[in-house]
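Hi,

Here is the structure I promised to pass on.

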Amino acid sequence: MGVRALEQRLFHLLRSCSTLQNLIQIHTQILVHGFAQKSYILSKLVAFYVASGRLDDALRVFGNVENPSITVWNQMIRGCGGSETPRKAVELYKRLVATEAEPDGYTYLYVVSACARSGLVREGEQLHGRVLVGGFGCNVFIQTSLVSLYSTGGGLSSGVGYARQVFDEMRERSVVSWNALLGGYVRSLDFDAARRVFDEMPERNVVSWTTMIAGCAQNGRSKEALCLFGQMRRANVEPDQVALVAVLSACAEIGDLRLGRWIHWYVEERLCVKGKSRLVTLYNALIHMYASCGFVDEAYEVFKQIPRRSTVSWTSIIVGFAKQGRGEEALRMFRLMLSSGVDDIKPDEITFLGVLCACSHAGLVDEGRELFKFMTQTWGLEPRIEHYGCMVDLLSRAGFLNEAHELVETMPMEPNDGVWGALLGGCMLHKNSELASLVAQKLTVALDPDQAAGYVVLLSNVYACAKRWLDVAYVRQKMVQMGVKKPPCRSWIQIDRAVHGFVAGDRTHKHESLIYEMLGEMTGQTQQEGTEPDILDTLSLED
């Protein structure tokens, strides 16, 4: 067989190659027959290594090429740009510029995309200039990559403004271009602008819907997220697993158990039928949803179904048991986690936060003390202020107020209102008005009136429990002087598929008259049955 025919045969074998083992055999033949510098063969060889996830092998091949063609350069830049280290693509581009090879449209597309993935906005801006000089400014794919680049520019409004400018200059736009701009507004938390872009889109795909839903769910706009999900279903767009995770997060936030259960059914019936493997993040979201809605046993059933659990899976079920006051079960799950034998399953800061919270709710003081030491001495994790807050809460609830106060005073960081509030709550529980007064003084100095409101009210309640009525009157007067007003309490309840929100003293609910009528009947009934109200219930904090 002649040399040219052998070249063609190896090239065709590369094109039809389907396994890594065959690729290695073909690569060996390429080396044996001296074709290691043939660009059209090398580009296919490098592309296959990249597609197989063997980027290091591709780089070794590339490193032995004496004068790579632009096609070979592009394959390497593309491979690095799509890897876990996209910055390497920018480094390769800098090496390319120093050679005789001339960058083309594919080069700029891949390297700009790499800048967008790695957040290299400044380097991307420089490339934007080269794109314009090189005459590629009207390339829709490069323009879309530039929109993505500026949209990911650290969430800055100026970055999104640049993205909008490039977008407006585009003669032709794809749904990918629209999604890139939409994502920029969501990342910059400009939901009004994001909604305008979303409404203007001539075509929406699952990424468009998921971007809006996830953005709302992750930024305290849970009702809006669920509303969008309803619109998505009515538009006959099949949600992907990322969208379902975001919706489950919103369900957990506002307690929409009915929709959460429907998603669980959808996952079991639809995804299984279609043979799609389920992401562990979807299982974790189901656990979080059930636990947040108070159905931790159902959360545990989901946990048992996970084929390969992550640290987040274990942490989610531990926190779920902890929030329901089932401390012993939370600790049992923690012990099972430690003995699971899986190398990548290790407790993190949030796991320890969950078990310390479990100890606090269950009154497991000795176990909490041991775990706090175990966290640092065995796992080398430095406690954050949240961990100190849990320990203070645990000790305060159990009546170890002096130990809790000493822990607060010796913390390596400045205690925040949550830490002081935990100690103040313990003072109220155990009627220690002297320490409560000291804590409240620190809080009122450190916080502004709105933040201090709840704690000043709590101090008033501590004095009331101790029947220190002059101090109660003094605190109330102080509240008036500070302009403090206790923020109203809020609760949620789901009735007939609708989630209703309630605020203390609210008169805007459409069923307000019926609600207050029922409240009056309940109050009258308790009085008739001779139930004595708690002393704190007799104190009106609104006057």
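In which helix does Gln441 lie? Gln441 is in helix H26, residues 433–446 (helices are DSSP runs of H or I with at least four residues, numbered from the N terminus).

Before you go further: this is a predicted model, where local features need pLDDT of at least 70 and side-chain atom pairs count only at pLDDT 80 or more, while totals for chains, interfaces and linings use all residues. Residues are numbered from 1 along each chain as its sequence is written, and side-chain values use heavy atoms, with hydrogens and water left out.

Back to Gln441: it counts as partly exposed because its relative accessibility is 48% (buried is under 20% relative accessible area, exposed is over 50%, partly exposed is in between, with a 1.4 Å probe and protein chains only). From Gln441 to Leu459 is 18 residues in sequence and 9.8 Å in space, C-alpha to C-alpha.

Asn179 sits in helix H11, residues 175–187. With 10% relative accessibility, Asn179 counts as buried. Leaving aside residues up to four places away in sequence, Asn179 touches Met201, Asn205, Val207 and Ser208 (contact means heavy atoms within 4.5 Å).

Now the rings. There are 17 aromatic pairs in the structure (rings of Phe, Tyr and Trp, the last by its six-membered ring, pair if their centres lie within 6.5 Å; planes under 30 degrees apart are stacked, over 60 edge-to-face, the rest tilted). One of them is Tyr93 with Tyr108, a tilted pair at 6.2 Å centre to centre and 55 degrees between the planes. That pair links distant parts of the chain, with Tyr93 in helix H6 (residues 87–97) and Tyr108 in helix H7 (residues 105–118), 15 residues apart. Tyr93 counts as buried at 5% relative accessibility, and Tyr108 counts as buried at 6%. Phe374 and Trp379 make an edge-to-face pair, 6.5 Å centre to centre with 85 degrees between the planes. Phe374 counts as partly exposed at 25% relative accessibility, and Trp379 is partly exposed with a relative accessible area of 31%.

Ring pairs also join Phe229, Trp262, Trp265 and Tyr266 into a cluster. Phe229 is among the buried residues of H14, including Leu226 and Leu228. Over the face of Trp262 lies Arg233, 3.9 Å from the ring centre (a charge sits over a ring if NZ of Lys or CZ of Arg is within 6 Å of the ring centre and within 35 degrees of the ring normal). Arg369 lies over the face of Phe400 at 4.9 Å from the ring centre.

Cheers

Note on methods: Helix = DSSP H or I, 4+ residues; strand = E, 2+ residues; numbered from the N terminus.
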